Amino acid sequence: MGQKESSTHDNSFNSEFESNIKTDSNNTIKIAKGRYDDQLLKRCENVYFDIEAWYKIIQSETFYTEFITISPSIVQAFVNFYQTRYSSTKLLNFNDIQLITSIQNQLKEQIFNSKINKFQNNGTFIRLSSRSPKDGKPLDSRKISQFFNQKLNELQIQYPDEYKSIEGKANMQMIAYCYAQFHSLKVTDEIQALNLILSSERVYYDLIEVLDCQQVKDNKVANINNIKLHDWNNNIIIREWNDLLDPSMEFRCFIYQSKLTAISQYNYYCKYYRLQNDGIVQQIKITIIKYWQEKIQPLLDPLPEKYSNYVIDLGLIENKLTNGYDCIVTEMNPFEINTGASLFYWTTDSKQLRGRGNEIEIRVQSNYYPYIKDYIEFILEVNQCDGKENSSSVHHGKEPYFIFLDQMKTQLSL
């Protein structure tokens with residue numbers, strides 16, 4: 001229900017990124033000047049694709065959403081928290097702790113305990129302006145494992161023959177894990193929400209970019225190449241949750257020069273069983289094309305300078321009354337190579353993605369993901385879903401953030 005990049009990080013990129021991170025005499029994170037242009041250009045590409053930019057335009061076609069603005073000082077507090085907790089750099093101070101506590105209280109008062117709470121007790125999906133904390137740790141560390149085992153048992157009953165082969169078993173485990181990860185992002189209070197945000201490496205790197213570009217905007221760093229400067233939205237975003245939305249029914253759609261050119265199953269790691277039925281796939285294709293033409297195109301076409309080229313993610317929810325599907329927008333992204341292309345490739349499929357194919361093409365995963373057995377074994381081990389007992393159920397980085405904050409208060413008082 002948010003921007004859906006893979007939660008598997010490009011380690012080479014992160015290593016290069018971290019090598020450019022420095023701290024000054026005030027314990028403020030800095031980044032080598034060579035990266036500023038990259039960050040500013042990335043901002044130019046993404047400025048119309050933060051939720052703040054497109055939400056009001058297509059509000060009727062997406063989840064109800066509220067925004068809580070966070071200042072650069074709060075962004076810095078989040079970054080300092082992550083650095084202190086997950087590396088040897090000790091940056092967190094009393095002021096940071098107070099700022100994090102203030103956001104916790106604001107989430108509680110404005111969203112979760114508000115008398116005009118519009119989320120109807122269904123739970124919420126939490127994210128920041130640029131990305132979601134899908135790699136963050138749930139407050140209850142057992143949640144992913146519980147969801148995983150529940151879904152895996154269901155799938156084994158439904159598709160017993162699939163589980164008999166090595167690749168079939170691994171694919172089933174991958175489906176169950178993706179389901180578990182997805183549902184572990186549902187939060188019902190401010191503590192659960194902040195625990196995901198503050199433990200997310202994705203969020204951490206995005207916030208460093210925010211601070212980086214803010215320095216250019218504040219003229220603390222020279223904008224040597226005179227790249228256009230945009231405000232960088234800094235918001236905690238609270239979105240309505242819908243339990244009926246299933247990860248297997250999310251699709252990435254490519255629009256070029258205001259024409260829908262291609263549709264892909266979003267999560268290309270999984271060979272989903274229902275998507276092996278060509279009749280269902282064609283029904284999905286027809287549904288998406290009709291929905292985009294009737295609901296989305298009329299809203300975005302009047303803004304060609306912003307939305308003639310874009311990538312839009314749709315969730316399809318089964319409608320038992322009509323025997324069809326209802327569509328909802330989950331995310332928008334720029335039509336750029338930095339946006340994941342799912343089952344397409346920006347280079348070899350350039351002709352199709354840019355509308356020079358014979359028709360709109362839809363792709364679903366019909367093969368097992370390469371090396372899926374090794375991949376899922378690693379994922380399950382990391383997330384303690386492999387059934388193996390861990391000698392320390394609560395270890396460094398697993399305890400809730402508020403316990404770590406209390407520990408830091410004690411240390412800072414000494």
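These legends accompany several close-up views of a predicted protein model.

**Figure 1. The whole chain, before we zoom in.** Let's start with the overall picture: the protein chain holds 14 helices and eleven strands. Of its 414 residues, 53% are buried. Among the contacts with a separation of 6 or more, 76% join residues 24 or more positions apart.

Figure 2. The average pLDDT of the protein chain is 86, and 82% of the residues score at least 70. Residues 1-33 are another story, as their pLDDT stays under 50. The model still has 83 contacts beyond four places in sequence for this stretch. Here is a handy rule to keep in mind: where pLDDT is low, predicted coordinates should not be read in detail.

Figure 3. Now look for the buried residues of α6: Lys143, Ile144, Ser145, Phe148, Lys151, Leu152 and Leu155. These buried residues pack against α7 (166-183), β5 (186-187) and α13 (372-382). As you trace them, remember that an α-helix has 3.6 residues a turn, so residues three or four places apart point the same way.

**Figure 4. Helices α4 and α8 crossing.** Two numbers describe a pair of packed helices: the angle between their axes and the distance between the axes. For helix α4 (residues 72-86) and helix α8 (residues 190-198), the angle is about 70° and the axes are 10 Å apart. Angles of 65 to 115 degrees count as roughly perpendicular, so α4 is roughly perpendicular to α8. On the α4 side, the contact is made by Phe78, Phe81, Tyr82 and Tyr86. Leu194, Ile197 and Leu198 make it on the α8 side.

Figure 5. You will find Arg252 in strand β7, which runs over residues 250-256. Is Arg252 buried or exposed? Its relative accessible area is 4%, so Arg252 is buried. The side chain of Arg252 makes a polar contact with the side chain of Asp313, at 2.8 Å.

**Figure 6. Asp406 and Ile97, brought together by the fold.** Asp406 sits in helix α14 (residues 401-413). With a relative accessible area of 42%, Asp406 is partly exposed. Asp406 and Ile97 are 309 residues apart in sequence, yet their C-alpha atoms are 9.1 Å apart in space.

Definitions and conventions: Residues numbered from 1 in each chain as written. Predicted model: local features only at pLDDT ≥ 70, side-chain atom pairs only at ≥ 80, totals over all residues. Heavy atoms only, no water. Helix = DSSP H or I, 4+ residues; strand = E, 2+ residues; numbered from the N terminus. Buried < 20%, exposed > 50% of the residue type's maximum accessible area, 1.4 Å probe, protein only. pLDDT = per-residue confidence, 0-100. Contact = heavy atoms within 4.5 Å. Polar contact = N/O pair within 3.5 Å; in protein donor to acceptor, adjacent residues only side chain to side chain. Axes fitted to C-alpha atoms, helices over the stretch in contact; angles between N-to-C directions. Parallel < 35°, antiparallel > 145°, perpendicular 65-115°, else oblique.
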